[in-house]
Amino acid sequence: MSETESSLELSSSLPGPGHLRSRIFKIIVIGDSGVGKTCLTYRLWTGRFIEKTEATIGVDFREKVLEVEGERIKIQMWDTAGQERFRKSMVQHYYRNAHAIFFVYDVTDERSFQSLPVWIEECRRHSRGYDVPSVLVGNKCDLHGVSRVSADVARKFAEAHSMPFFETSAKSPQDGDNVEDILMMVAQRLKNQKPLLDLPVGARNLPVPNVESRSTCSC
Ligand SMILES: Nc1nc2c(ncn2[C@@H]2O[C@H](COP(=O)(O)OP(=O)(O)OP(=O)(O)O)[C@@H](O)[C@H]2O)c(=O)[nH]1
Ligand SMILES: [Mg+2]
């Protein structure tokens, strides 16, 4: 944990030749257990889907460098634990210095949508009045023939919380908004310090980011 925190602080506080030190942006992925946070992150980092996962304990970190409009920026993704017992000692670390949040729910699990206000409230409590730029992501939209959270209802909820809204699938990205495109658009906005609210959806053929590193912390 301390390594991560110090690298964040280093990146923002030390001067130095811009071409040697990439800016770091921390994105955290939050939501109920089982909504697919790990699968979405895995998809982003490897381009693949894993069917069998285990509940995340503490947090999984992944880092990659993205080339955005000629600048290399480092994205540090925190795949957090949805289960209370696996996250309670970590919560304040999740939110510390976060630049953006992906709030994730499962489109086939109404309860995971109903939980969102609790997650948003937790974020408010830990971000000391700072409005962390956020996006709302409905995952598993490849699952058809089951009851689903209405996209209209979700979009209104997102609007009410000043977030852009996407529906995606870690399993089958072509069934919704492509999660790689979502990350790239968020990265562009963070780099340019622009709000996320009016993010466009569906921008295809953006460069696929490079895999850089992965580490796990369950402290
Ligand atoms: N059909 C389908 N299944 C998915 C998708 N994403 C995740 N799953 C499945 O959902 C289950 C839970 O996924 P995880 O990524 O482990 O969920 P999580 O949100 O990380 O859960 P915690 O780590 O406990 O917080 C796994 O069995 C996945 O295979 C998706 O887009 N479509
Ligand atoms: Mg997980």
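The magnesium ion (ligand 2) of this predicted model is coordinated by OG1 of T38 and OG1 of T56, at 2.0 Å. Donors are N, O and S atoms within 2.8 Å of the metal (3.2 Å for Na, K and Ca), and water is not among the atoms, so sites may look incomplete. The two threonines link distant parts of the chain, 18 residues apart: T38 belongs to helix α2, and T56 to the loop between α2 and β2 (59–68). Helices (H or I, at least four residues) and strands (E, at least two) are DSSP runs, numbered from the N terminus. T38 counts as buried because its relative accessibility is 15%. T56 is buried as well, with a relative accessible area of 12%. Buried means under 20% relative accessible area, exposed means over 50%, and partly exposed lies in between (1.4 Å probe, protein chains only).

Ligand 1 is surrounded by 23 residues, of which S33, K37, E51, T53 and D142 are the closest. A residue is taken as near the ligand if one of its heavy atoms lies within 4 Å of it. By class, this shell holds 8 nonpolar, 9 polar and 6 charged residues. Nonpolar residues are Ala, Val, Leu, Ile, Met, Phe, Trp, Tyr, Cys and Pro, charged residues are Asp, Glu, Lys and Arg, and the others, Gly among them, are polar. Helix α2 (residues 37–46) supplies the largest share of the shell, 3 residues.

Polar contacts to ligand 1 involve both side-chain and backbone atoms of the protein. A polar side-chain atom of K37 lies 2.7 Å from an oxygen atom of the ligand. Polar backbone atoms of G34 and G82 lie 2.9 Å and 2.7 Å, respectively, from an oxygen atom of ligand 1. Taken alone, ligand 1 exposes 650 Å², and the protein buries 88% of that. A polar contact is a pair of N or O atoms within 3.5 Å; within protein, one must be able to donate a hydrogen and the other to accept it, and residues adjacent in sequence count only if both atoms are side-chain atoms. Accessible areas come from the Shrake-Rupley method with a 1.4 Å probe, and for residues only the protein chains shown count as cover.

T80 lies in strand β3 (residues 71–80). T80 counts as buried because its relative accessibility is 1%. A polar atom of the T80 side chain lies 2.6 Å from the backbone oxygen of V29. Leaving aside residues up to four places away in sequence, T80 touches V29, I30, K37, T56, G58, V59, R87 and Y94, where contact means heavy atoms within 4.5 Å.

The chain has 8 helices and 7 strands, and buried residues make up 50% of its 219 residues. Of the contacts with a separation of 6 or more, 73% are between residues 24 or more positions apart. The accessible surface of the chain is about 11,000 Å², and 48% of it belongs to carbon and sulfur atoms.

Q193, in the loop between α8 and β7 (213–217), has a positive phi of about 55 degrees although it is not a glycine. Q193 counts as exposed because its relative accessibility is 70%.

Residues are numbered from 1 along each chain as its sequence is written, and chains are lettered from A and ligands numbered from 1 in the order in which they are written. Local features need pLDDT of at least 70, side-chain atom pairs count only at pLDDT 80 or more, totals for chains, interfaces and linings use all residues, and side-chain values use heavy atoms, with hydrogens and water left out.
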